Amino acid sequence: TLNKHDPIHLGRRLHLGGRSDADAYYSGGAGIILSHEALRRLGERAEKDASVWEGPPGGPEDYLTSRTLRNVGVHTVDTRDKSQKHQFFTLGIGVEREIKRSYDMWYWQFSKDAVEGADKCCSRRWIATHYIR
């Protein structure tokens, strides 16, 4: 059970470079959810230092958001369901249900726990998806 007083943020966990929690971030396209405590910490930090959000022009805002939150003690967590199926969809739920593994594609390089096929990848109780029309 999640508690709004815990410093957490939720989303589809990806990894930039390595595979450790230190380089984990949430895909912005799949949505990012912040707890009350995460927002409080972020707001207090931004009031003291507006440069907290500084980064390269144009992003990557999703990585910068997770990095900034990590700097105020808010970390990523595994948001898969009890069956280890994803609830946030970076590429859109339709694409992720049908996608075939290709190690040339950024998605497979950045997602350490991605799996192929609808029966393995995708929770029936999903929370957010990218690319809805």
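Five salt bridges are present in the structure, a salt bridge being a side-chain nitrogen of Lys or Arg within 4 Å of a carboxyl oxygen of Asp or Glu. This is a predicted model, in which local features need pLDDT of at least 70 and side-chain atom pairs count only at pLDDT 80 or more, while totals for chains, interfaces and linings use all residues. Residues are numbered from 1 along each chain as its sequence is written, and side-chain values use heavy atoms, with hydrogens and water left out.

**Salt bridges**
- Glu-37, Arg-40, Arg-41 and Glu-44 are linked in a network of salt bridges, among them Arg-41 with Glu-37 at 2.8 Å, N to O, and Glu-44 with Arg-40 at 2.7 Å, N to O.
- Arg-41 and Glu-37 are four residues apart in helix α1 (residues 36–48), and therefore separated by about one helical turn; helices (H or I, at least four residues) and strands (E, at least two) are DSSP runs, numbered from the N terminus.
- Glu-37 is buried at 14% relative accessibility, whereas Arg-41 is partly exposed at 26% (buried means under 20% relative accessible area, exposed over 50%, partly exposed in between, with a 1.4 Å probe and protein chains only).

**Aromatic pairs**
- There are two aromatic pairs, counted where rings of Phe, Tyr and Trp (its six-membered ring) have centres within 6.5 Å, with planes under 30 degrees apart called stacked, over 60 edge-to-face and the rest tilted.
- The rings of Tyr-25 and Tyr-63 have centres 5.7 Å apart and planes at 85 degrees, so this pair is edge-to-face, and both residues are buried.
- Phe-89 and Trp-126 also form an edge-to-face pair, because their ring planes stand at 70 degrees, with centres 6.4 Å apart.
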